[in-house]
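Visitor: I would like to go through the charged side chains of this protein. Could you guide me?

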Amino acid sequence: MNAALLHPKNREMKKDFYLTRYALIIKRLESSPATYSQLEDYLLNSFEFQDAGIKSYSIRTLQRDIREISDLFNLSIHNKKKGDNRYYIESRPIMEVDEYNQKLLESFQVSNALNLHPDFSDFIFFESRKPTGVEHFYDLFFAIRNKRVVSFEHYNYKNKLMTSRKVHPLALKESKDRWYLIAIDTKDKVLKSFGLDRINYLDVSKNQFREKYKYNFREHFKNAFGVMNLTEQNPQNIVLKCSRHQGEYIRSFPLHQSQKETKETPEEIYFEFFLHPTYDFMQEILSYGKEVTVLEPKGLVDDIRNHLQESLNRYLES
């Protein structure tokens, strides 16, 4: 796909640059309100704009960016308060939406740090295990925003089959450092998830789909852990008992937005969650080994016990 098509209103900028603009605008207005001139100076003096060779930023582009920020992040920016001509953030998004805004800002901060220090490779080390499929991200983002029909080949690790898919793309979701496309499969009209690492021969059609889907993905994934099919299970209260050592880590980096700390002793920390007890969540708990024990619900306790017993049997048989 032609890179300029991704954001046709900004053909002069590289195709992912509008996300950088949004992050810069949010960062500047989070520090204090600013006039258009102050915002323009801030953006043009940023390393991102200088590296991209951008030397102008119009009021019209700012107004368009503000609308896009509102649509993407539910972040309301205005400049009409008590006759003041400064732009300011009027309302913050709800917590689960703010997570996406925060990740964008974190990406900006890392990018900005790398621009400040060209010798970063001497003291900044990235994870060597890189996710695949991210080259499809921006094309899919374009398709979602413009309601374009998408076709691709998708590989299923379980049955080892490659199948042709034609879908109506609706959202992108991250789970454990992997990205997934959430889309309606036109073959059976069912909402499905497709790992970007398993997508090949992606084609974004010029044809738009006219269907108006009413999914509220903030609510759909509110009680989700991962991207597993949620239609077969209802969210449940899940209680974990953690060793003090592991509990401190889980306290500082919550497993899920519903996480609540319910009890603490010198040796243990207890947490409660309200979510779907999916296979993804069970795998997460198993990754902590003896440091974390599920106390409730009984069904999840039984599933984990059976899984551990099967694993032990495999070692005993070998």
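**Salt bridges in the model**

Guide: Aspartate 302 has a relative accessible area of 23% and is partly exposed (buried means under 20% relative accessible area, exposed over 50%, partly exposed in between, with a 1.4 Å probe and protein chains only). This is a predicted model, in which local features need pLDDT of at least 70 and side-chain atom pairs count only at pLDDT 80 or more, while totals for chains, interfaces and linings use all residues. Residues are numbered from 1 along each chain as its sequence is written, and side-chain values use heavy atoms, with hydrogens and water left out.

Visitor: Which side chain meets aspartate 302 in a salt bridge?

Guide: That of lysine 298, at 2.8 Å, N to O. A salt bridge here is a side-chain nitrogen of Lys or Arg within 4 Å of a carboxyl oxygen of Asp or Glu.

Visitor: Is lysine 298 buried or exposed?

Guide: Lysine 298 counts as exposed, at 62% relative accessibility.

Visitor: Changing topic, what does aspartate 185 pair with?

Guide: Its side chain forms a salt bridge with lysine 192 (3.1 Å, N to O). Aspartate 185 is buried at 3% relative accessibility, whereas lysine 192 is partly exposed at 24%.

Visitor: How many salt bridges are found in the whole structure?

Guide: The search finds 16.
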